Amino acid sequence: MSNPLVLIVGRPNVGKSTLFNRLTKSSTAIVDDVSGVTRDRIYGEVEWNGKYFRVIDTGGYVPDSDDLFETAIREQIEIGLNECDAILFVVDGRIGLTPIDKEIGYILRRSSKPSYLLVNKSDTPEFEINKSDFYKLGFNNIYDVSALNGRNLGNLLDDVINSLTFSDEENFNDKRLHLAIVGKPNVGKSSLVNSLLGYDRSIVTDIPGTTRDSIDSILKYYGEEIVLVDTAGLRKKSKIKENIEFFSNVRTYRAIWNSDVSILLLDAELGINNQDQKVLQEIVRRRKGLIIAVNKWDLIEKDTNTAKKYEDAIKAEVATVDFAPIIFISALTKQRIYKLIELAKKINEERHKKIPTNELNEILLPEIVKTPPPATPTGKEVKIKYITQVGEHYPIFLFFANEYKYIPESYKRFLERLIRKNFGFEGVPITLSFREK
Ligand code: GDP
Ligand code: GDP
């Protein structure tokens with residue numbers, strides 16, 4: 001569940017995004033067959049020797065202004081260091097050591113996190129000439145690599161994997177419901193957590209001299225412990241817009257990754273925007289349970305139709321994520337906040353629900369026969385013969401069919417709707433997988 005997080009840092013044009021693409025390309029960890037989900041450019045998953053870690057390319061967060069640039073990059077690395085488990089520091093082997101490289105190197109060396117110096121663009125051994133210069137940075141772990149052709153990346157990954165701690169098992173054994181409350185700044189996340197807990201948890205940690213690292217809170221709910229995964233505010237105050245965004249995104253994504261169910265919190269007066277859509281996509285991509293909660297409902301003037309209209313408007317905007325329940329709450333007046341918890345519990349159960357194979361086939365196959373998938377381009381019939389549910393942590397439906405590669409996206413949506421109509425799975429992303437029979 002909570003895979004280690006590795007940050008890619010370095011000045012522009014050294015090859016960070018090339019590296020990111022190469023590292024994440026071969027990953028089989030994510031089956032992107034949920035319709036409407038696109039890959040994120042900045043967050044990815046790396047698989048190496050059966051182990052997984054997450055990687056973030058910081059290159060996407062760079063201020064336009066030149067005078068802010070150095071401050072921004074320095075600060076970004078400082079706050080990033082707090083959040084991640086290891087750092088890949090990329091430099092350009094063809095250009096050689098620059099003042100910003102020295103600066104970044106200095107910050108990294110003072111930190112206790114393992115960091116790796118990647119002398120990139122060393123496409124062949126001849127390009128290693130500049131390497132000696134980089135030894136001045138004082139790193140033990142220096143790798144001359146080529147993000148472009150993959151040279152030496154295997155050696156690097158071996159070492160990175162060895163230095164990381166993998167806690168999958170431990171986390172999977174924690175059966176408590178892990179709930180993430182995510183959303184844009186000021187939508188009311190802390191207020192909601194405080195209302196649920198019955199006290200202001202920020203006071204507890206506001207002891208002078210202490211810093212707020214990530215802290216999970218435990219909500220005791222009728223004798224059951226529910227873990228509210230932390231998405232706490234900035235540890236270090238920043239004035240740089242890109243860094244605030246970067247940091248809050250890292251927190252958000254981590255919280256989603258560590259959750260069973262994620263609640264996307266919206267401000268009733270502002271509705272849903274592009275940033276929310278990205279967060280939604282990430283929740284779906286990670287196959288987490290999902291609720292859209294519209295907060296500050298107390299501020300909206302209502303007549304009998306307001307909630308319905310609002311709900312329809314959101315449904316229209318989120319299109320493919322129409323399986324997410326929408327609930328209207330107020331962290332301030334506590335309206336429906338326990339209903340929200342009930343809903344999260346229900347969705348978590350749905351996420352672990354198993355439909356017996358005979359039931360699946362008896363109910364779905366006749367419907368599929370009635371509305372079969374379109375024929376292949378050469379006119380061959382595509383037949384779905386058998387369906388079974390697999391997946392330990394979230395529902396995956398395996399469809400055995402001939403020529404399944406020709407089953408169009410629209411038909412997969414039809415199958416998904418069919419499953420939902422007959423078996424529910426409210427708030428749960430459904431994975432459809434196809435095999436040759
Ligand atoms: P970023 O700004 O740090 O993300 O850098 P990019 O990944 O966008 O790369 C900047 C330029 O360097 C692009 O033209 C890449 O094709 C090139 N580049 C990246 N890695 C390598 C490499 O290993 N070898 C060579 N020859 N070029 C590279
Ligand atoms: P966060 O940044 O998402 O954690 O948002 P906060 O919890 O700090 O809330 C931002 C502002 O919205 C604060 O001024 C809150 O008092 C206010 N707020 C939060 N929830 C509600 C609500 O349900 N109703 C109203 N009227 N205000 C709220």
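**Notes on a predicted model with two ligands**

1. Let's start at helix H14, whose buried residues (20 or more other C-beta atoms, placed from the backbone, within 10 Å of their own) pack against strand E14 (396-401) and strand E15 (431-436). Packing here rests on contacts, that is, C-beta atoms, placed from the backbone, within 7 Å. Helices (H or I, at least four residues) and strands (E, at least two) are DSSP runs, numbered from the N terminus.

2. Before going on, please keep in mind that this is a predicted model, where local features need pLDDT of at least 70, side-chain atom pairs count only at pLDDT 80 or more, and totals for chains, interfaces and linings use all residues. Residues are numbered from 1 along each chain as its sequence is written, while chains are lettered from A and ligands numbered from 1 in the order in which they are written.

3. Which residues of H14 are buried? They are Leu415, Glu416 and Ile419.

4. H14 covers residues 409-423, and its 15 residues reach 21 Å from first C-alpha to last, close to the expected 21 Å (1.5 Å times one less than the number of residues). After H14 comes Gly424, with a positive phi near 90°.

5. Now to ligand 1. Around it are 15 residues (C-beta atom, placed from the backbone, within 6 Å), of which Gly15, Lys16, Ser17, Thr18 and Leu148 come nearest. Helix H1 (residues 16-25) gives the largest share of this shell, 3 residues. By class, the shell has 4 nonpolar, 8 polar and 3 charged residues. Here Ala, Val, Leu, Ile, Met, Phe, Trp, Tyr, Cys and Pro count as nonpolar, Asp, Glu, Lys and Arg as charged, and the others, Gly among them, as polar.

6. Around ligand 2 there are 15 residues, and Gly188, Lys189, Ser190, Ser191 and Leu332 come nearest. The largest share of its shell, 3 residues, belongs to helix H7 (residues 189-197).

7. A friendly word on confidence: the protein chain has a mean pLDDT (the predictor's confidence in each residue, from 0 to 100) of 85. Where pLDDT is low, the predicted coordinates should not be read in detail.

Methods:
A residue is buried if 20 or more other C-beta atoms lie within 10 Å of its own, exposed if 12 or fewer, and partly exposed in between; C-beta atoms are placed from the backbone. Two residues are in contact if their C-beta atoms, placed from the backbone, lie within 7 Å.
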